[in-house]
Structures are given as C-alpha cells and as structure tokens.
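Please read it with the structure open.

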Amino acid sequence: MQRDVALLYAVRAKLELRFGALEQALACTRLGMRLDPRIPLLHHVRGLVFLEQRAYEKALKAFERAAQADPDYVPPILWHGMTQAIAG
C-alpha cells in the first residue's frame, strides 16, 4: 500500500514539474520518498527539478540514486550524462 501511494506521489511530481511547479514537485518527491525511497522515478523527477533549477550537483546525485534504485531504468542514466555535459 505504501509503495502504491509513493508511486502516486512520483506521478504527481512529474505532472507538477511539467507545469513548472518546481517546489510542488520537490514536495511530492519528499513525501513519496518517506513512504518508499526505493522508487527510482522519485529520484529521477527530483533530478529533473534540480536540473531545471541549475543545481547541477544535486541533479547528478539524484540521477545516481535513481540508477542505484533500479539499474535497468535507463532515463536517469541518460539525464546524468546530459547534466554532466550541460554543467561542463
């Protein structure tokens, strides 16, 4: 049950990010991670928010956590590389 609710927070965070509500997206990821920190999408979305805020080190760490949570989940690996390229 907690995992399901955490996944819902991940989806909501992704929607908040899409609509530019960065603080709300981060809040959703925090709530989701309290319930189940092993969900890679929570860390991935968190990384995308930090990337949007140009907090590159935080973004890299979030993408790394997402990849550690599920090494077969490819998007955070790609975004990690793009963030390194953007940050220089």
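Aspartate 36 is buried in this predicted model, with a relative accessible area of 3%. It lies in the loop between α2 and α3. The side chain of aspartate 36 meets that of arginine 3 in a salt bridge, and it also meets that of arginine 38 in a salt bridge.

**Aspartate 36 and its surroundings**

- Because the cut-off for buried is under 20% relative accessible area, aspartate 36, at 3%, counts as buried.
- Leaving aside neighbours within four places in sequence, aspartate 36 is in contact with Arg3, Ala6 and Leu42.
- Aspartate 4 is 32 residues from aspartate 36 in sequence, and the two C-alpha atoms are 9.1 Å apart in space.
- The side chains of aspartate 36 and arginine 38 are also joined by a polar contact of 3.0 Å.

**Salt bridges**

- How many salt bridges does the structure hold? There are 3 salt bridges in the structure.
- Side chains of opposite charge can pair when their charged atoms come close.
- Between arginine 3 and aspartate 36 the N to O distance is 2.9 Å. Arginine 3 lies in helix α1 and aspartate 36 in the loop between α2 and α3, so this pair ties together parts that are 33 residues apart in sequence.
- Arginine 3 has a relative accessibility of 40% and therefore counts as partly exposed.
- Between aspartate 36 and arginine 38 the N to O distance is 3.0 Å. Arginine 38 counts as exposed, at 59% relative accessibility.
- Arginine 12 forms a salt bridge with glutamate 16, with 3.1 Å between the closest N and O atoms. Both residues lie in helix α1, 4 residues apart, which is about one turn of the helix.
- Within this pair, arginine 12 is partly exposed, with a relative accessible area of 47%, whereas glutamate 16 counts as buried at 16% relative accessibility.

**Helix α2**

- Helix α2 runs over residues 22-35, and its 14 residues should span 20 Å at 1.5 Å a residue. The C-alpha atoms at its ends are 20 Å apart, which agrees.
- The buried residues in α2 are Ala25, Leu26, Cys28, Thr29, Gly32 and Met33. Seen down the helix axis, the buried residues of α2 fall within an arc of 160°, so they line one face of the helix.
- Which elements cover the buried residues of α2? The cover includes α1 (2-18) and α3 (40-52).

**Nonpolar core**

- In soluble globular proteins, nonpolar side chains tend to be buried together.
- The largest nonpolar core in this model has 19 residues. Leu17, Val45 and Val49 are those with the most contacts inside this core.
- The elements giving two or more residues to this core are α1, α2, α3 and α4 (56-69). Helix α3 supplies the largest share, 7 residues.
- Not counting residues up to four places away in sequence, valine 45 touches Ala10, Ala13, Lys14, Leu17 and Thr29.

**Arginine 54**

- Most residues other than glycine have a negative phi.
- Arginine 54 has a positive phi of about 65° although it is not a glycine.
- Arginine 54 is found in the loop between α3 and α4.
- Is arginine 54 buried or exposed? With a relative accessible area of 65%, arginine 54 is exposed.

Technical notes
Residues are numbered from 1 along each chain as its sequence is written. This is a predicted model: local features need pLDDT of at least 70, side-chain atom pairs count only at pLDDT 80 or more; totals for chains, interfaces and linings use all residues. Side-chain values use heavy atoms; hydrogens and water are left out. The expected span of a helix is 1.5 Å times one less than its number of residues. Buried means under 20% relative accessible area, exposed over 50%, partly exposed in between (1.4 Å probe, protein chains only). The arc is that of the directions from the helix axis to the C-beta atoms. Contact means heavy atoms within 4.5 Å. A salt bridge is a side-chain nitrogen of Lys or Arg within 4 Å of a carboxyl oxygen of Asp or Glu. A nonpolar core is a set of buried Ala, Val, Leu, Ile, Met, Phe, Trp, Tyr and Cys residues joined through side-chain atoms within 4.5 Å. A polar contact is a pair of N or O atoms within 3.5 Å; within protein, one must be able to donate a hydrogen and the other to accept it, and residues adjacent in sequence count only if both atoms are side-chain atoms.
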